[in-house]
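Me: I would like to go through the terms used for this model and see what each one rests on. Take the protein interface, then the DNA.

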Number of protein chains: 2
Amino acid sequence: MPRPRSLTPDRLAAAALAVIDRDGLAALSMRTVARELGMSPMGLYRYVSDREELEGLVVDRVLGDLDTTPPAADAPWRDRIETMVGRLRDAVVRHPEAIQLTLTHRHRAPGGLLWSETVLGILAEAGIDGTRRVVALRALHGYVTGAIRLEHLGPLAGTGTSAIAALPEDRFPYLTQTARTAGEVGPDQEFFGGLRLLLRGLDG
Amino acid sequence: MPRPRSLTPDRLAAAALAVIDRDGLAALSMRTVARELGMSPMGLYRYVSDREELEGLVVDRVLGDLDTTPPAADAPWRDRIETMVGRLRDAVVRHPEAIQLTLTHRHRAPGGLLWSETVLGILAEAGIDGTRRVVALRALHGYVTGAIRLEHLGPLAGTGTSAIAALPEDRFPYLTQTARTAGEVGPDQEFFGGLRLLLRGLDG
DNA sequence: CCTCGTAGGCGTACGGCGTACTCCTACTAG
DNA sequence: CTAGTAGGAGTACGCCGTACGCCTACGAGG
C-alpha cells in the first residue's frame with residue numbers, strides 16, 4: 001500500500017561510517033549524515049528514532065565483517081582464542097575513528113554477540129565451566145576493549161609517550177625509564193603479550 | 001598589581017564534579033558549571049581555556065583522593081598490586097557518573113601517574129624488568145580500565161544481562177547459559193577474579 | 001479508474017551547546 | 001593618584017538533536 005522505502009538501514013549506516021572515516025567521529029551528526037545522503041536532516045528520523053540508534057547501526061556495520069566462525073579445532077585452544085581476539089581487533093581498528101563507538105556499543109551488535117558465543121565455545125572445549133567461564137569471558141572482554149582503547153586513544157598513543165618521558169626523573173624514576181623502554185615494544189607485541197599473560201593465567 | 005583571583009582551579013573542579021554527581025555527566029557544560037558557581041558562563045574561560053581542560057581538572061580531583069603510597073612491603077607482590085588496583089577502582093567508582101571522564105583522562109592526572117609509578121615499583125621488586133615490565137603495566141592498565149568500564153557502562157550492567165538472557169537459545173547456547181550463571185558472580189569476585197588471572201600469568 | 005492511507009521529503013523552530021568578542025568595573029601595586 | 005589587570009556581564013555565531021507541520025508520490029482496495 002504505502003510508498004516504498006527509499007533507504008535501507010545498511011545504506012544509512014554506510015553513509016554515517018563514510019562521514020566518520022572521512023571527517024572523524026566528531027563530525028558525525030544527523031545533519032552531516034543527511035547531507036551525505038542528499039536528504040534533509042529530519043529525513044533520517046524515519047529510519048532511526050535517535051542518534052543513538054544510528055550509532056548502533058554504524059557499529060553493526062563495523063562488526064559486520066567480523067569473522068565469528070570457530071577457528072580450526074585442531075589448534076590449541078589458547079591459539080584459537082588469540083585468533084578470535086585478533087579478528088576482533090582487526091575489525092575494530094579497520095575504522096580507527098569509530099573505535100570509541102564500536103567499543104561502547106559492541107554488546108548490542110549481532111557481530112559482537114556471535115563473537116562472544118564462539119569464544120565461550122572455545123573456553124568450554126578447554127574445560128572451563130561455570131563461574132570460571134563467566135570470569136574468563138569478562139576478563140577477556142575487559143582486557144581486549146581496554147587494551148584497544150589504550151592503544152588508540154590512550155596516553156602511549158601519540159603525544160602521551162613524550163609527555164611521560166618529560167616527567168621529572170627524580171619523582172617518577174620507573175615511569176620515565178619505562179617510557180624509554182616502551183619505544184622498543186611494538187603494538188602487536190604489547191597487545192598479544194598482555195593477552196598471553198591472561199591466557200596463561202587461565203590454566204590449572 | 002592585579003585584582004586577586006576569586007576562584008581556585010580546585011573550586012572550579014569541585015563545582016563541575018558537583019554538577020556531574022547530581023545531574024549526570026550529560027549535564028556537564030560550561031553553562032551549568034557557571035550557574036553552579038553563580039557566575040556568567042564566559043567567566044570560566046579565565047580559569048580554563050577549554051572545556052577539555054575543565055574535564056582535566058575534574059579528573060585531577062577525582063584521582064586526588066587516590067592513595068598512591070606503596071602498600072606494606074612484607075605482603076606478596078601480587079597482593080600489593082591487588083591493593084593498588086583496588087584503590088584505583090574505589091577512587092574511580094566513588095563518582096560513578098564521572099567514570100567515563102576519569103578513565104579517558106586518567107593518564108594526564110598527577111594521581112594517575114603516581115599510581116603507575118608505584119605499580120611499576122612493585123613489578124620491579126617482583127623481578128619483572130625491561131619489556132616484560134612494559135607489557136605488564138600496559139596489560140594491567142588495559143584490564144583495569146576495561147573491566148571498570150564493563151562493570152559500570154557495559155552490557156552486563158543494568159539492562160544488558162536481561163537482553164542477553166532473552167537471546168534465542170538455539171543460536172546462542174553458551175551465551176544464554178553464561179548469562180544465567182553470571183547472576184551468581186558478584187562484581188568484586190568478577191573483577192578481582194579476572195585480575196588474578198592476569199597476575200597469575202605474570203609469573204615465571 | 002479513482003481514492004485514500006502511508007512513507008517520503010522539506011522547512012521551520014526551539015532550546016541547548018562551546019566559545020569569540022566587547023564593554024564596564026573593582027581592585028591593588030607602584 | 002594612577003595604571004594596569006582580573007572580574008563580571010552581555011551579545012552573537014554557528015553548531016547540535018529533534019519536535020512538528022506541510023505537501024507529494026505511490027500503490028492497493030473499492
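**What the terms rest on**

Reply: The model is predicted. In it, the side chains of Glu190(A) and Arg138(B) meet in a salt bridge, at 2.4 Å from N to O.

Me: Why is the meeting of Glu190(A) and Arg138(B) called a salt bridge?

Reply: The term asks for a side-chain nitrogen of Lys or Arg within 4 Å of a carboxyl oxygen of Asp or Glu. The N to O value for Glu190(A) and Arg138(B) is 2.4 Å, so the pair qualifies under the 4 Å limit. The count between chain B and chain A is two salt bridges.

Me: How many residue pairs are in polar contact between chain B and chain A?

Reply: Eight, with both residues at pLDDT 80 or more. On chain B, the side that touches chain A draws at least two residues from each of α6 (110-125), α7 (130-153), α9 (173-182) and α10 (187-201). The largest share, 17 residues, comes from α7(B). By class, this side of chain B has 24 nonpolar, 17 polar and eleven charged residues.

Me: What area is buried between chain B and chain A?

Reply: About 4,600 Å², of which carbon and sulfur atoms give 69%. Glu117(B), Arg138(B) and Tyr174(B) supply 15% of the area that chain B buries against chain A, more than any other three residues. In terms of contact, 52 residues of chain B meet 52 residues of chain A.

Me: What makes the approach of Arg31(A) to DNA strand D a polar contact?

Reply: The cut-off for a pair of N or O atoms is 3.5 Å. An N or O atom in the side chain of Arg31(A) is 2.3 Å from a base nitrogen of DNA strand D, so the pair meets the 3.5 Å cut-off.

Me: Which residues come nearest to DNA strand D?

Reply: Of the 24 residues around DNA strand D, these are Arg31(A), Arg51(A), Ser40(B), Met42(B) and Tyr47(B). Helix α2 (residues 30-37) of chain A gives the most to the surface near DNA strand D, with three residues. That surface has twelve nonpolar, four polar and eight charged residues.

Notes: Residues are numbered from 1 along each chain as its sequence is written. Chains are lettered from A and ligands numbered from 1 in the order in which they are written. This is a predicted model: local features need pLDDT of at least 70, side-chain atom pairs count only at pLDDT 80 or more; totals for chains, interfaces and linings use all residues. Side-chain values use heavy atoms; hydrogens and water are left out. Contact means heavy atoms within 4.5 Å. Buried area is the accessible area (1.4 Å probe) that two parts lose on being put together, summed over both. A polar contact is a pair of N or O atoms within 3.5 Å; within protein, one must be able to donate a hydrogen and the other to accept it, and residues adjacent in sequence count only if both atoms are side-chain atoms. Helices (H or I, at least four residues) and strands (E, at least two) are DSSP runs, numbered from the N terminus. Ala, Val, Leu, Ile, Met, Phe, Trp, Tyr, Cys and Pro count as nonpolar, Asp, Glu, Lys and Arg as charged, and the others, Gly among them, as polar. A residue is near a molecule or strand if one of its heavy atoms lies within 4 Å of it.
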